[in-house]
Amino acid sequence: MALRLPSLRRAARWVPALCITLAMLALAGCSTDGYPQTTLAPKADFAELLDQVFRRSFQLATIVFFLVEGALVWALFRFRGKPGDAEPEQNHGNTMLEVVWTAIPAVILVFIAVPTIQVIFKTAETPTDNPLVIEVTGHQWWWEFRYPEYNLVTAGDMHVPTGRTVDLRMTTGDVVHSFWTPQLAGKRDVFPGRDNRLWFKTETPGTYPGQCAEFCGTQHARMAFQVIAQDPDAFDAWRGGMAEVGAPADSGGSAPSPLVAQGQQLFATKACVGCHVVTAVGAPTMVGPNLAGIGTRSTIASGWLPNTDENLARWLKNPQEVKVGVLMPNLGLTDEEITALVAYLRSLSVVPAPGAVAMTAAGN
Ligand code: HEC
Ligand SMILES: [Cu+2]
């Protein structure tokens, strides 16, 4: 037991380092604003159910930890062996003891298992409260969102109204992916030729980051997305805007500026139309994301870059440099062509979503 003084002094040298490490850990816990991709700040009913199970298990585990470790430490000191002690009493095969230490963990497990299984069944239910159906499709390496109710399709930003359950029907266009918005719901894998379900309802407007959570190829790490929860009026304004964006000038759209017109022309002739569609209504699934509303989308390249003119230009200059191995080729565009295309893409805007631009504003 007796610590010699020099070893105490040596140990004391580590105190500042220990304090700094602990302070860093404690402060890291505060950054819900800079890093809202967390399961610990649930903002929807589904995520809250999971959070309750997690907290209950964690609380029980904490109690068990202190009881067991406390008893262990107490026993270590209380029954310390001294030289010359007789052999202690042996209790191997004591039936009473065996029954007790099997029964206690079994009871604890019941307290964890019952609520867990209840939540498993609850989260597997099909919502019946007039949900908004959204068809989610994973692609290498971006997410597509289809709204059959409004005959709209979009990519990257999934807009949802607050106060209404969304019922996700999920699949993949290629390999297995996993759809995960930690603050709103659990993970759900998507498989070729199969439909999976997930639902949630949030009451809190905000931008919630999500991420593909199943390795799906070289750019798996850059297969992010945002769920943009808006109050019903803002959501309706968004979908109204989406229904009109990309319409040619002669069918109700306003006449474009010369630069935008030049970009539109280039878009039609530089292979873009082979992989992208710029209108959202009834648009087919293509190799690349639907670009209706790209002008006001929060990010480009699936959450990888903020949607600024500089980043759009950088992307068009050489997508392979931004996201190595991405399924959009380097099209060898000149800087002048890029400027016109950026102006055209920017013109494909809908009503800006409040808070949609700042990836970190998670409505906390
Ligand atoms: C061979 C198919 C193909 C062609 C041709 C193509 N793209 Fe793409 N494009 C893609 C794919 C695939 C992505 C998704 C990349 C990712 O994030 O993984 C993409 C992404 C984009 C994005 C970012 C969209 C978002 O939601 O993040 C923009 C903008 C874009 N392309 C514009 C263009 C323009 C302009 C052209 C023509 C000059 C063009 N693309 C030609 C396949 C293509
Ligand atoms: Cu993926």
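1. Counting heavy atoms within 4.5 Å as contact, domain 1 contributes 16 residues and domain 2 contributes 23 residues.

2. This is a predicted model, in which local features need pLDDT of at least 70, side-chain atom pairs count only at pLDDT 80 or more, and totals for chains, interfaces and linings use all residues. Residues are numbered from 1 along each chain as its sequence is written, and side-chain values use heavy atoms, with hydrogens and water left out.

3. Domain 1 and domain 2 bury about 1,500 Å² between them, with 59% of it from carbon and sulfur atoms; buried area here is the accessible area (1.4 Å probe) that two parts lose on being put together, summed over both. On the domain 1 side, P36, Q37 and K43 lose the most area to domain 2, and together they account for 45% of what that side buries.

4. Which kinds of polar link cross the interface of domain 1 and domain 2? The rule finds zero salt bridges (a side-chain nitrogen of Lys or Arg within 4 Å of a carboxyl oxygen of Asp or Glu). It does find seven residue pairs in polar contact, both residues at pLDDT 80 or more. A polar contact is a pair of N or O atoms within 3.5 Å; within protein, one must be able to donate a hydrogen and the other to accept it, and residues adjacent in sequence count only if both atoms are side-chain atoms.

Conventions: Chains are lettered from A and ligands numbered from 1 in the order in which they are written.
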